[in-house]
Amino acid sequence: MKDIVVLGSTGSIGTQTLEVLQEQPQHFRATGLVAGGNASLLIKQALQAKPKWVGIKDAAKLSFIRESLPREILVVAGDEAIEEMVGLGDYQVLLAAISG
(Lines give C-alpha, C1' and ligand atoms only; values in the text may rest on other atoms or scores of the structure.)
Protein backbone atom coordinates (compact mmCIF):
# COMPACT_ATOMS: atom_id res chain seq x y z
CA MET A 1 0.00 0.00 0.00
CA LYS A 2 1.42 3.37 -1.02
CA ASP A 3 0.34 6.50 0.80
CA ILE A 4 0.01 9.46 -1.56
CA VAL A 5 -0.25 13.20 -0.96
CA VAL A 6 -1.93 15.15 -3.76
CA LEU A 7 -1.06 18.83 -4.04
CA GLY A 8 -3.74 20.44 -6.16
CA SER A 9 -6.35 17.77 -5.53
CA THR A 10 -9.23 19.94 -6.77
CA GLY A 11 -7.71 20.70 -10.16
CA SER A 12 -7.96 18.62 -13.31
CA ILE A 13 -4.89 16.46 -12.70
CA GLY A 14 -5.67 16.12 -9.00
CA THR A 15 -9.26 14.98 -9.54
CA GLN A 16 -8.15 12.48 -12.18
CA THR A 17 -5.48 11.18 -9.81
CA LEU A 18 -8.05 10.61 -7.07
CA GLU A 19 -10.24 8.70 -9.53
CA VAL A 20 -7.33 6.36 -10.29
CA LEU A 21 -6.59 5.91 -6.58
CA GLN A 22 -10.23 5.00 -5.92
CA GLU A 23 -10.04 2.31 -8.60
CA GLN A 24 -6.98 0.77 -6.92
CA PRO A 25 -7.73 0.87 -3.15
CA GLN A 26 -5.63 -2.22 -2.50
CA HIS A 27 -2.53 -0.42 -3.84
CA PHE A 28 -2.97 3.29 -3.09
CA ARG A 29 -4.37 5.55 -0.38
CA ALA A 30 -4.69 9.33 -0.43
CA THR A 31 -3.17 10.28 2.91
CA GLY A 32 -3.11 14.05 2.26
CA LEU A 33 -5.02 16.43 0.01
CA VAL A 34 -4.13 20.06 -0.64
CA ALA A 35 -6.19 22.65 -2.53
CA GLY A 36 -5.79 26.30 -3.34
CA GLY A 37 -9.23 27.66 -2.66
CA ASN A 38 -11.97 25.22 -3.72
CA ALA A 39 -13.11 24.30 -0.22
CA SER A 40 -16.35 22.63 -1.30
CA LEU A 41 -14.64 20.16 -3.62
CA LEU A 42 -11.84 19.56 -1.11
CA ILE A 43 -14.44 18.64 1.52
CA LYS A 44 -16.18 16.28 -0.89
CA GLN A 45 -12.87 14.62 -1.76
CA ALA A 46 -11.88 14.28 1.89
CA LEU A 47 -15.19 12.71 2.87
CA GLN A 48 -14.70 10.14 0.12
CA ALA A 49 -10.95 9.47 0.45
CA LYS A 50 -10.72 9.82 4.25
CA PRO A 51 -7.13 11.15 4.29
CA LYS A 52 -5.15 11.75 7.48
CA TRP A 53 -5.02 15.48 6.70
CA VAL A 54 -6.14 18.14 4.27
CA GLY A 55 -4.72 21.56 3.58
CA ILE A 56 -6.01 24.67 1.88
CA LYS A 57 -3.92 27.61 0.82
CA ASP A 58 -6.77 30.08 1.46
CA ALA A 59 -6.63 30.35 5.26
CA ALA A 60 -9.98 32.20 5.34
CA LYS A 61 -11.70 28.87 4.56
CA LEU A 62 -10.12 26.96 7.44
CA SER A 63 -13.12 27.13 9.80
CA PHE A 64 -15.58 26.08 7.09
CA ILE A 65 -13.50 23.02 6.25
CA ARG A 66 -12.93 22.04 9.89
CA GLU A 67 -16.66 22.23 10.61
CA SER A 68 -17.44 20.08 7.56
CA LEU A 69 -15.03 17.21 8.19
CA PRO A 70 -14.71 14.57 10.91
CA ARG A 71 -12.33 15.49 13.71
CA GLU A 72 -10.03 12.59 12.76
CA ILE A 73 -8.93 14.54 9.68
CA LEU A 74 -6.32 17.17 10.52
CA VAL A 75 -7.01 20.42 8.66
CA VAL A 76 -4.28 22.98 8.01
CA ALA A 77 -4.28 26.25 6.11
CA GLY A 78 -1.82 28.69 4.61
CA ASP A 79 1.48 28.12 2.86
CA GLU A 80 3.51 27.48 6.01
CA ALA A 81 1.07 24.94 7.47
CA ILE A 82 0.93 23.00 4.23
CA GLU A 83 4.71 23.05 3.86
CA GLU A 84 5.04 21.71 7.41
CA MET A 85 2.61 18.86 6.76
CA VAL A 86 4.29 17.93 3.47
CA GLY A 87 7.65 18.04 5.25
CA LEU A 88 6.61 15.33 7.71
CA GLY A 89 7.21 12.72 5.02
CA ASP A 90 4.36 10.45 6.18
CA TYR A 91 3.82 9.18 2.62
CA GLN A 92 5.63 7.39 -0.22
CA VAL A 93 4.49 9.54 -3.17
CA LEU A 94 3.98 13.29 -3.47
CA LEU A 95 2.06 14.34 -6.56
CA ALA A 96 2.47 18.05 -7.29
CA ALA A 97 -0.48 18.85 -9.55
CA ILE A 98 -0.13 22.60 -9.04
CA SER A 99 1.05 25.44 -11.23
CA GLY A 100 4.36 27.12 -10.64
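## A quick tour: sheet, then pocket

Start by selecting β1, residues 2-7, and β5: these two strands pair in the parallel sense over 4 bridges. (Strands are DSSP runs of E, at least two residues, and helices are runs of H or I, at least four residues, numbered from the N terminus; two strands pair if DSSP finds at least two bridges between them.) Click on V5 and you'll find L94 in β5 standing opposite.

A word on what you're looking at: this is a predicted model, where local features need pLDDT of at least 70, side-chain atom pairs count only at pLDDT 80 or more, and totals for chains, interfaces and linings use all residues. Residues are numbered from 1 along each chain as its sequence is written, and side-chain values use heavy atoms, with hydrogens and water left out.

Now show the whole sheet. Its 5 strands run in the order β4-β3-β2-β1-β5, open and parallel. At the edges sit β4 (74-77) and β5 (93-96), each pairing on one side only.

Next stop: the largest pocket, with a volume of about 250 Å³. (A pocket is an open set of points on a 1 Å grid over the protein atoms alone where a 1.4 Å probe fits, with protein on both sides within 12 Å along at least five of seven lines; lining residues have an atom within 4 Å of a point. Points are joined across faces, edges and corners, and the volume is the space filled by probe spheres set on them.)

Select L7, G8, V34, A35, G36, K57, D79, I82, E83, V86, I98 and S99 to see the lining of this pocket. Which element gives the most to that lining? Colour α4 (78-87): α4 leads with 4 residues.
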